[in-house]
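Work through the following exercises with the sequence and the structure open. Each task is followed by a solution in steps.

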Amino acid sequence: MKYLNLLIKPASSLCQLRCKYCFYADVSENREIKSYDIMDPQTRSKVIKRCLEAYHEECEITWAFQGGEPTMAGLNWFIDFVNEAERMKKPYHHLHYAIQTNGTIMDESWMPFLKKYYFLVGVSLDGYKAIHDSVRIDAKGQGTFDKIMETINLLKKYEIDFNILTVLTDPLSKHPEELFKFYLDQKLDFIQLIPCLPALDGEKDPWCLTPHQFFNFYDRFFTLWKEEFEKGRYISITLFDNLIPMYAGIPPQQCGYLGQCTMQNVVEADGSVYPCDFYVLDQYKVGNLNKDSITALAKRKVTKRFLEEKHRRSNRCDHCKHIAFCHGQCKRMNVCYFDEEYCGLEEFFDKHGREMRRIAERIKAKS
């Protein structure tokens, strides 16, 4: 079976929130055109056609919509996308849909559509109300927690698959107990925890996660997670979902643990394609689906150059016994894991590696 994944930005960098750490706002500020506005119908049709014509055999195609805030394109935009895709597909095309949203625009009118086409919905929620409302604010400076919880409750009501994306900022990393309790109380079992990154220019800010805080948070968070695991409740956490299976010989989900970048096919609203969501920058533009095929994009020199770029490394990497697991991590995110003198991921492996191996063996024995 062949697989094709695209990350599409139907509303480019447009967003009605003013999150204090937004990485895509930083990305868009570092290119000639900050926003490409809403993807027009012609480009939308071309994106669909390019994907479907890429394979003439059994294949799975996943379209994941992100932003900015993708729902700013409007519900009808997504209805038109899916209707056209379902009309154009062949019997051997198996289509999947996902969307990452801040959850403030979606209302009940979205739910039947999301349910009908089995959308996987990612909702951005930075934990409990006090910490969330301190960073994820609207244009008036107001917190958004209550509105997002309304959306989450609608997703539960309609039994739509969803997960929570929490950006692990430096302030939030100081409260692992409160965050874990919030997830338990709200019965949120599928969590993407991603580190808050510094700006592309490397300038530190109050929000970006440091290597020491990475370890301090996960040291405690893993212990809390393990207690629930021992009770028979598995809570999906990004870091643990990647590391634990690796002890059983299962490849990681995140490309950062592979030691090399992979082509992610990020599509901006004008049809331009980039290799990674962290690098939707002019110098990394691979091509445009209005005129280029999926196959042609993969062969471009800029694609090859990006995939072969050297990663930042720490002096500790040369002598680390865990290097076969992390491979120096993602070249954009590894600043949150290590510096020249210290690696939080290394310390986490040292302290909890044996326990993760034991858990991996237990899970494998049951499967």
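**Exercise 1. Determine how the side chains of aspartate 133 and lysine 129 meet, and where the two residues lie.**

Step 1. The contact between aspartate 133 and lysine 129 is a salt bridge, with N and O 3.1 Å apart. A salt bridge is defined as a side-chain nitrogen of Lys or Arg within 4 Å of a carboxyl oxygen of Asp or Glu.

Step 2. Helix α5 (residues 129–135) holds both residues; they are four residues apart, about one turn of the helix. Helices (H or I, at least four residues) and strands (E, at least two) are DSSP runs, numbered from the N terminus.

Step 3. Lysine 129 has a relative accessibility of 38% and counts as partly exposed. Here buried means under 20% relative accessible area, exposed means over 50%, and partly exposed lies in between (1.4 Å probe, protein chains only).

A note on the source: this is a predicted model, in which local features need pLDDT of at least 70 and side-chain atom pairs count only at pLDDT 80 or more, while totals for chains, interfaces and linings use all residues. Residues are numbered from 1 along each chain as its sequence is written, and side-chain values use heavy atoms, with hydrogens and water left out.

**Exercise 2. State which parts the salt bridge between aspartate 80 and arginine 44 ties together.**

Step 1. In this salt bridge the N to O distance is 3.9 Å.

Step 2. Aspartate 80 belongs to helix α3 (residues 75–88) and arginine 44 to helix α2 (residues 41–53), so the bridge ties together parts 36 residues apart in sequence.

Step 3. Aspartate 80 is partly exposed at 38% relative accessibility, whereas arginine 44 is buried at 8%.

Step 4. For comparison, examine glutamate 228 and lysine 231, whose closest N and O atoms are 3.4 Å apart in a salt bridge. Glutamate 228 is buried, at 11% relative accessibility, and lysine 231 is exposed, with a relative accessible area of 64%.

Step 5. A search of the whole structure gives 23 salt bridges. A network of salt bridges links Glu230, Glu355, Arg358 and Arg362.

**Exercise 3. Describe helix α2: its span, its N-terminal end and its buried residues.**

Step 1. The 13 residues of α2 reach 18 Å from the first C-alpha to the last, close to the 18 Å expected at 1.5 Å a residue. The expected span is 1.5 Å times one less than the number of residues in the helix.

Step 2. The N-terminal end of α2 is capped by aspartate 40, which has a side-chain oxygen 3.1 Å from the backbone nitrogen of glutamine 42.

Step 3. Thr43, Arg44, Val47, Ile48, Arg50, Cys51 and Leu52 are the buried residues of α2. Their cover includes β1, β2, α3, β3, β8 and α11 (294–298); contact means heavy atoms within 4.5 Å.

**Exercise 4. Give the strand order of the open sheet and identify its edge strands.**

Step 1. The ten strands follow the order β7-β6-β5-β4-β3-β2-β1-β8-β9-β10, with mixed pairing. Two strands pair if DSSP finds at least two bridges between them.

Step 2. Strands β7 (236–237) and β10 (287–288) are the edges, since each pairs on one side only.

Step 3. Strands β1 (residues 2–8) and β8 (residues 266–267) run parallel and are joined by two bridges. Leucine 7 has valine 266 in β8 as its bridge partner.

**Exercise 5. Locate phenylalanine 217 and list the residues that it touches.**

Step 1. Phenylalanine 217 lies in helix α9 (residues 211–230) and is buried, with a relative accessible area of 0%.

Step 2. Not counting residues up to four places away in sequence, phenylalanine 217 touches Leu168, Leu172, Ser173, Pro176, Leu179 and Leu193.

Step 3. Leucine 172 is 45 residues away along the chain, and its C-alpha atom is separated from that of phenylalanine 217 by 8.8 Å.

**Exercise 6. Examine the backbone at serine 12 and glycine 68.**

Step 1. Serine 12 is not a glycine, yet its phi is positive, about 50 degrees. Serine 12 sits in the loop between β1 and α1 (23–29) and is buried, with a relative accessible area of 0%.

Step 2. The peptide bond from glycine 67 to glycine 68 is cis, with omega near 10 degrees. Glycine 68 is in the loop between β2 and α3.

Methods:
A polar contact is a pair of N or O atoms within 3.5 Å; within protein, one must be able to donate a hydrogen and the other to accept it, and residues adjacent in sequence count only if both atoms are side-chain atoms.
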